[in-house]
Amino acid sequence: MLDNVRVVLVNTSHPGNIGGAARAMKNMGVSQLVLVDPRRFPDQQASARAAGADDILQNARVVATLEEALADCVLVLGTSARDRRIPWPVVDPREAADKVLDQLAELPDCQVALVFGREDAGLTSEELQRCQFHVHIPSNPDFSSLNLGAAVQVLSYELRMQSLQREGQPTSKQKVETANSQNEMPVTGDEMEQYFVHLQQVLVEIDFLDPQQPRHLMPRLRRLYGRMGINRMEMNILRGILTQTQKAIGMKSAGERRR
């Protein structure tokens, strides 16, 4: 659904802010970037701040006017201070995400735009009037001005969270025990043979196996372990038990000799 969400930056003065916005978009899975009359673009500073979101910058569309940027959009939300002369519907970022996703659920092929204004002055009254909703980010009133990239991050984050929830996907990682992927790999035949050699040695040392009359003990143990599908982490545990058993035997023998 987020493929049809368009981030529109109007008359951006610093190319680094374009890169910051692109990075925020890629973090949250939003890919469409439209630049309305940017002061400097393309620019190395934009690429540096994008920090790997170069595809967003390379595919960005540059247009001369906001009208051109919004021509095919059915829903437009403007992120700026509300025009006090005309009452206008105002939503917070979470409500904005709901509006966007409701629209895309109703018309999956439609285009929706999130419009961000100039770094120093935001959107003009005329530009705001092209938006069905104005988005207010409830920041600290004593320090309310957000960096452009941060503002894009806030709205993109809310969109992603709402999208994941609607799709029934988890929004947080489960706290489970993790292991290195190498440790999850099954042991090789050579590793199993080394284990059986070690195991037989320990069984002899603890007098559980008589090497003169081994009977069928080792073949039965081989069949037992063959059913288990042991991985490398488990093999490390088994070998560790055998090693510690040998150490304990050695300590016991040394103590008996001292007596």
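**Salt bridges, loops and aromatic rings**

Analyst: The side chains of Asp55 and Lys26 form a salt bridge, with N and O 2.9 Å apart. The model discussed here is predicted. The bridge links distant parts of the chain, since Asp55 belongs to helix H3 (residues 54-58) and Lys26 to helix H1, 29 residues apart.

User: Are Asp55 and Lys26 buried or exposed, or in between?

Analyst: A residue is buried under 20% relative accessible area and exposed over 50%. Asp55 has a relative accessible area of 32%, and therefore counts as partly exposed. Lys26 has 39% relative accessibility, so its class is partly exposed.

User: How many salt bridges does the count come to?

Analyst: A salt bridge requires a side-chain nitrogen of Lys or Arg within 4 Å of a carboxyl oxygen of Asp or Glu. By this rule, the count of salt bridges is 10.

User: Which parts of the chain does the pair of Asp72 and Arg6 tie together, and how many residues apart are they?

Analyst: The side chains of Asp72 and Arg6 meet in a salt bridge at 2.8 Å, N to O. Asp72 lies in the loop between helix H4 (66-69) and strand E4 (73-79), and Arg6 in strand E1, so the parts tied together are 66 residues apart in sequence.

User: Which accessibility class does Asp72 have, and which does Arg6 have?

Analyst: The limits are under 20% for buried and over 50% for exposed. Asp72 has 44% relative accessibility and so counts as partly exposed. Arg6 has a relative accessible area of 2%, and therefore its class is buried.

User: What is the distance between the closest N and O atoms of Arg232 and Glu191?

Analyst: Arg232 and Glu191 form a salt bridge, and the closest N and O atoms are 3.7 Å apart. This pair links distant parts of the chain: Arg232 is in helix H10 and Glu191 in helix H8, 41 residues apart. Arg232 is partly exposed at 24% relative accessibility, and Glu191 is partly exposed at 24%. The distance asked for is 3.7 Å.

User: Where does Asn11 lie, and which residues does Asn11 touch beyond four places away in sequence?

Analyst: Asn11 is placed in the loop between strand E1 (5-10) and helix H1 (15-28). With 15% relative accessibility, Asn11 counts as buried. A polar atom of the Asn11 side chain lies 2.9 Å from the backbone oxygen of Asp37, and a polar contact of 3.4 Å joins the side chains of Asn11 and Arg118. Leaving out residues up to four places away in sequence, Asn11 touches Val36, Asp37, Arg39, Arg118 and Glu119.

User: What is phi of Asp37, and what is phi of Arg215?

Analyst: Asp37 is in the loop between E2 and H2 and counts as partly exposed at 44% relative accessibility. Arg215 is in the loop between H8 and H9 and counts as exposed at 71% relative accessibility. Neither is a glycine, yet phi is positive in Asp37, at about 45 degrees, and in Arg215, near 55 degrees.

User: Which residues does a cis peptide bond join?

Analyst: A cis peptide bond has omega of about 0 degrees here, and one of its residues is Pro42. Pro42 is located in the loop between strand E2 (32-36) and helix H2 (44-50). The residues joined are Phe41 and Pro42.

User: How many aromatic pairs does a search of the whole structure find, and which residues form one aromatic cluster?

Analyst: The search finds three aromatic pairs. Among them, Tyr195 and Phe196 are tilted, at 5.9 Å centre to centre and 55 degrees between the planes. Phe196 and Tyr225 form an edge-to-face pair, at 6.0 Å and 70 degrees, which links helix H8 (residues 189-205) with helix H9 (residues 217-226). The residues that form one aromatic cluster are Tyr195, Phe196 and Tyr225.

How values were computed
Residues are numbered from 1 along each chain as its sequence is written. This is a predicted model: local features need pLDDT of at least 70, side-chain atom pairs count only at pLDDT 80 or more; totals for chains, interfaces and linings use all residues. Side-chain values use heavy atoms; hydrogens and water are left out. Helices (H or I, at least four residues) and strands (E, at least two) are DSSP runs, numbered from the N terminus. Buried means under 20% relative accessible area, exposed over 50%, partly exposed in between (1.4 Å probe, protein chains only). A polar contact is a pair of N or O atoms within 3.5 Å; within protein, one must be able to donate a hydrogen and the other to accept it, and residues adjacent in sequence count only if both atoms are side-chain atoms. Contact means heavy atoms within 4.5 Å. Rings of Phe, Tyr and Trp (its six-membered ring) pair if their centres lie within 6.5 Å; planes under 30 degrees apart count as stacked, over 60 as edge-to-face and the rest as tilted.
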